Amino acid sequence: MSTAISNSSPLIAFSAIGRLDLIQLTFGSILIPEAVDREVNIPAPRSPFRPRTWQAVRADWIFVLPVNECPDLAILRANLGAGEAEAIVLAIERQLPILLDDLPARKMALNLNLSPIGSLGILARCKQARLIIDVKPFVFALRNAGIFYADRLIHKFLQDMGES
């Protein structure tokens, strides 16, 4: 099994549907920067406009790492969220895959020669490894949990997976 760096979005997405295990089955262990740990584990204030849909993300296969301040981190923080910026720096430093869903962060990662994998990519890997039979129920569970994916993206993904 391999290791990957994760931003908060895939962790939140899979936690929201009670299937955080799919990330572990795909990668074995996950490294997250401290900013991501804060995003996924510090209770957010309750709000009827933005309810929290996930449980705290703690597991013996998720490891929190500090990120050293560097010029790249400052530049990334100016353009992305703290968790995304720190996750990208860790992925560069450790030369590991990075789990990201946010489009601007994915574009930035690609520009830095990283290969981002999103939540849908994790589902695709699970299906290819025969860990799940179909991705469609998971895609709809994610959407029902409030995880946003553009209709066009979902349609193409399901088509690519032979489930349209």
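Phenylalanine 157 touches Leu120, Leu123, Ala124, Val135 and Val139, with residues up to four places away in sequence left out of the list; contact here means heavy atoms within 4.5 Å. The model is a predicted one, in which local features need pLDDT of at least 70 and side-chain atom pairs count only at pLDDT 80 or more, while totals for chains, interfaces and linings use all residues. Residues are numbered from 1 along each chain as its sequence is written, and side-chain values use heavy atoms, without hydrogens and water.

Phe157 is also among the residues with the most contacts inside the largest nonpolar core, together with Ile23, Ile30 and Leu123. This core has 36 residues. A nonpolar core is a set of buried Ala, Val, Leu, Ile, Met, Phe, Trp, Tyr and Cys residues joined through side-chain atoms within 4.5 Å. Buried means under 20% relative accessible area, exposed means over 50%, and partly exposed lies in between (1.4 Å probe, protein chains only). At least two residues of the core come from each of helix 1 (8–16), helix 2 (21–27), strand 2 (29–33), helix 3 (34–41), helix 7 (119–128), helix 8 (136–144) and helix 9 (151–160). Helices (H or I, at least four residues) and strands (E, at least two) are DSSP runs, numbered from the N terminus. Another core, of 17 residues, lies apart from the largest one and includes Leu76, Leu80, Val89 and Ile98.

Strand 2 is largely enclosed by the rest of the structure, because 5 of its 5 residues are buried. Ser29, Leu31 and Pro33 point one way from the strand, and Ile30 and Ile32 point the other way. Two strands pair if DSSP finds at least two bridges between them. Strand 2 pairs in the parallel sense with strand 1 (residues 3–6) over 3 bridges, and with strand 3 (residues 62–65), also in the parallel sense, over 4 bridges. Leucine 31 is the bridge partner of isoleucine 5. Isoleucine 5 in turn stands opposite isoleucine 98 in strand 4, and strand 4 (residues 98–99) runs parallel to strand 1, joined to it by 2 bridges.

In helix 7, the buried residues include Ser119, Leu120, Ile122, Leu123, Ala124 and Cys126. Among the elements that cover the buried residues of this helix are helix 1, helix 2, strand 4, strand 5 (116–117), helix 8 and helix 9. Arginine 130 follows helix 7 and has a positive phi, near 60°.
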